[in-house]
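Here is a briefing on one protein chain.

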Amino acid sequence: MSFLSAVSPRRCRYRLVAALLLCIGNVGGVVAQTRWNQNFQNYIDEYKDVAIEQMLRYRIPASITLAQGLLESGAGRSDLARKGNNHFGIKCHGWQGRKTYHDDDEEGECFRAYDNALQSYEDHSKFLSSGRRYRSLFSLKITDYRGWARGLKAAGYATNPQYAQRLIDIIETYKLYQYDTATSYDRFMVEHTPNTAAQDVAQGYHPIRRTNDNYYLLARRGDTFKTIAEEVGISARKLAKYNERNKRDNLKEGDIIFLKKKRTKADKAFKHKPHVVQRGESMYDIAQHYAIRLKSLYKKNGLDPHTYTPRVGDRLRVY
């Protein structure tokens with residue numbers, strides 16, 4: 001299969017509406033520089049561990065994989081990514097799995113659809129590592145992202161004359177080359193790769209953040225434990241339990257939702273820094289803020305959960 005038929009160069013020019021300012025363009029003969037964008041950074045935070053995992057298995061630089069994913073999927077916001085978790089625009093061509101259809105070179109063309117983004121990344125890695133036209137790239141150093149970018153273009157990955165430079169510029173703007181020397185990755189982040197196809201068109205997936213040896217996301221309007229569970233692949237019952245709530249509870253916009261069981265104490269940085277209660281804070285709010293169990297917060301301060309009500313100015317141990 002030729003990637004010239006698998007990925008259309010037209011889509012790189014027209015499909016990435018949300019990312020046009022981030023692509024390198026020839027403006028009056030001068031190459032414009034990529035500008036930093038929060039959507040791109042969110043995508044990197046979500047998928048860098050997947051890219052590293054693929055690198056360690058297939059010897060494709062993580063920086064190249066991330067840059068291609070960013071460029072081809074518009075940071076996970078393209079129709080193909082949202083409808084079929086397809087981050088690299090690979091068409092069907094003998095594909096026996098789920099399919100989605102999209103106007104490209106022709107109307108209603110068939111594209112591969114995946115259950116999650118991890119499958120898309122895996123399929124992309126297999127395509128490069130098994131394709132004869134890309135064989136010479138694997139003799140390059142894993143840190144030679146410029147060589148990889150130019151080699152992909154020379155091998156026919158895309159016909160756009162600026163394709164290699166676009167990849168290089170994204171890599172250097174977001175310092176993606178730092179991941180090419182990684183020797184390990186966060187397994188939790190890989191196992192809970194977000195299912196972008198299941199998310200709202202405007203909002204996209206929930207960025208997953210880390211704190212106190214835990215992972216969390218912020219609830220949005222209309223979220224429930226069930227909808228979040230479908231996205232992250234953790235049951236609603238477990239999510240509610242991790243957050244010391246009932247799975248039928250209504251979630252408010254901005255609620256912190258942890259993806260693992262919370263610890264009994266805060267990060268070591270707060271060992272000598274008690275929390276000073278602010279107006280409107282509940283003990284539960286404080287526990288969530290520090291990613292600790294509510295029961296532990298009461299116990300740590302020798303307080304009775306049935307009688308104590310936090311007052312503005314109270315100082316509470318969290319470590």
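In this predicted model, helices α3 and α4 pack with their axes 8 Å apart. The angle between them is about 135°.

**The α3–α4 packing**

- The crossing of α3 and α4 is right-handed.
- On the α3 side, the contact is made by Phe 40, Tyr 43, Ile 44, Tyr 47, Lys 48, Ala 51, Ile 52 and Met 55.
- On the α4 side, Ala 62, Thr 65, Leu 66, Gly 69, Leu 70 and Ser 73 make the contact.
- By class, the contact of α3 with α4 holds ten nonpolar, three polar and one charged residues.
- Two packed helices are described by the angle between their axes and by the distance between those axes.

**Nonpolar cores**

- The largest nonpolar core has 44 residues.
- Which residues have the most contacts inside this core? They are Tyr 47, Leu 70, Tyr 121, Tyr 134, Leu 152, Ile 170 and Leu 176.
- At least two residues of this core come from each of α3 (38-58), α4 (62-73), α6 (117-130), α7 (145-154) and α8 (163-173).
- Helix α3 gives the most to this core, with nine residues.
- Tyr 47 and Leu 70 are among the residues with the most contacts in the largest core, and both also take part in the contact of α3 with α4.
- A second, separate core has 17 residues, including Met 189, Ala 229, Ala 236 and Ile 257.
- In soluble globular proteins, nonpolar side chains tend to be buried together.

**Whole chain**

- The chain has 319 residues, of which 50% count as buried.
- Its secondary structure comprises 13 helices and nine strands.
- Take the contacts between residues at least 6 apart in sequence: 64% of them join residues at least 24 apart.

- Ala 75 has a phi near 60°, a positive value in a residue other than glycine.
- Ala 75 sits in the loop between α4 and α5 (79-84).
- Is Ala 75 buried or exposed? Its relative accessibility is 2%, under the 20% cut-off, so Ala 75 counts as buried.
- Asn 212 is not a glycine either, yet its phi is positive, at about 45°.
- The loop between β5 (209-211) and β6 (214-218) holds Asn 212.
- Asn 212 is buried, with a relative accessible area of 6%.

- Lys 126 lies in helix α6.
- The relative accessible area of Lys 126 is 42%; this value lies between the 20% and 50% cut-offs, so Lys 126 is partly exposed.
- Lys 126 and Tyr 58 are 68 residues apart along the chain, but their C-alpha atoms are separated by 7.9 Å.
- Glu 253 is in the loop between α11 (236-242) and β7 (256-258).
- With a relative accessible area of 56%, over the 50% cut-off, Glu 253 is exposed.
- Which residues does Glu 253 contact, leaving aside neighbours within four places in sequence? Glu 253 is in contact with Ala 219, Arg 220 and Arg 221.

Note on methods:
Residues numbered from 1 in each chain as written. Predicted model: local features only at pLDDT ≥ 70, side-chain atom pairs only at ≥ 80, totals over all residues. Heavy atoms only, no water. Core = buried A, V, L, I, M, F, W, Y, C linked by side-chain atoms within 4.5 Å. Buried < 20%, exposed > 50% of the residue type's maximum accessible area, 1.4 Å probe, protein only. Helix = DSSP H or I, 4+ residues; strand = E, 2+ residues; numbered from the N terminus. Axes fitted to C-alpha atoms, helices over the stretch in contact; angles between N-to-C directions. Left-handed = near helix turned anticlockwise from the far one by under 90°. Contact = heavy atoms within 4.5 Å. Nonpolar A, V, L, I, M, F, W, Y, C, P; charged D, E, K, R; others polar.
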